[in-house]
Amino acid sequence: MAERTGKGKNIAPEEKEKLREELEQKIIAALWLQVVGQFAEAYYSAQLFALDDESEGEQKISLGQWVQVIGQSLEALGATKQHAAVDPQLLIAAQKLAVNGNALQSLGSAIETIGGKEVILEELLFNVERFVP
């Protein structure tokens, strides 16, 4: 494995640990903010799509968004648990949770993308205007 180089080489160990703690906390906070944002997008998109008969494409967009909400929540929970873990087995379990959350987000994004493409096709075929978030 190649050695990483960076700014951390010239920082005292106790200062580096303090900085690591602060950065991990900021990352965790950012992940939870993403959960809130992803939830809001899914919630308001579902309300928008419910104003008219939902097309199949819109249903897929909505499904993909909710899958992403679940994935983002798992990633944030995994990161939070990693930060608090003292047992190596708990650390690995928390890391797996975060990675599985990332995988779910990717799946949700793929579903949303398919739905978006279907909505565009519906617009072209049926001359209707839809909103694709």
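Is Ser-45 buried or exposed, and what is its relative accessible area? The points below take up this residue and then the helix pair and its aromatic rings.

1. The model is a predicted one. Ser-45 belongs to helix α1. With a relative accessible area of 7%, Ser-45 is buried, since buried means under 20%.

2. Ser-45 also makes a contact with the backbone. Its side chain reaches the backbone oxygen of Glu-41 at 2.8 Å.

3. Helix α1 covers residues 13-50 and helix α2 covers residues 56-84. Their axes come within 9 Å and cross at roughly 160°. That angle makes α1 roughly antiparallel to α2, because angles over 145 degrees are put in that class.

4. The crossing in which α1 passes α2 is left-handed. Sorted by class, the residues in the contact of α1 with α2 are 15 nonpolar, 11 polar and five charged.

5. On aromatic residues, the structure holds three pairs. One of them joins Phe-39 and Tyr-43, whose ring centres are 6.1 Å apart and whose planes stand at 10°. This pair is therefore stacked, as planes under 30 degrees apart count as such.

6. Phe-39 and Tyr-43 are both in helix α1, with a spacing of four residues, or about one turn of the helix. Phe-39 has a relative accessible area of 41% and is partly exposed. Tyr-43, at 37% relative accessibility, also counts as partly exposed.

7. Phe-39 forms an aromatic pair with Trp-66 as well, with 5.4 Å from centre to centre and 75° between the planes. The geometry of this pair is edge-to-face, because planes over 60 degrees apart fall in that class.

8. Which parts does the pair of Phe-39 and Trp-66 tie together? Phe-39 lies in helix α1 and Trp-66 in helix α2, so the pair links parts that are 27 residues apart in sequence. Trp-66 is partly exposed, its relative accessible area being 29%.

9. Which residues form the aromatic cluster? Phe-39, Tyr-43, Tyr-44 and Trp-66 together make up one cluster. Within it, Phe-39 takes part in the stacked pair with Tyr-43 and in the edge-to-face pair with Trp-66.

Methods. Residues numbered from 1 in each chain as written. Predicted model: local features only at pLDDT ≥ 70, side-chain atom pairs only at ≥ 80, totals over all residues. Heavy atoms only, no water. Axes fitted to C-alpha atoms, helices over the stretch in contact; angles between N-to-C directions. Helix = DSSP H or I, 4+ residues; strand = E, 2+ residues; numbered from the N terminus. Parallel < 35°, antiparallel > 145°, perpendicular 65-115°, else oblique. Left-handed = near helix turned anticlockwise from the far one by under 90°. Nonpolar A, V, L, I, M, F, W, Y, C, P; charged D, E, K, R; others polar. Phe/Tyr/Trp six-rings, centres within 6.5 Å; stacked < 30°, edge-to-face > 60°. Buried < 20%, exposed > 50% of the residue type's maximum accessible area, 1.4 Å probe, protein only. Polar contact = N/O pair within 3.5 Å; in protein donor to acceptor, adjacent residues only side chain to side chain.
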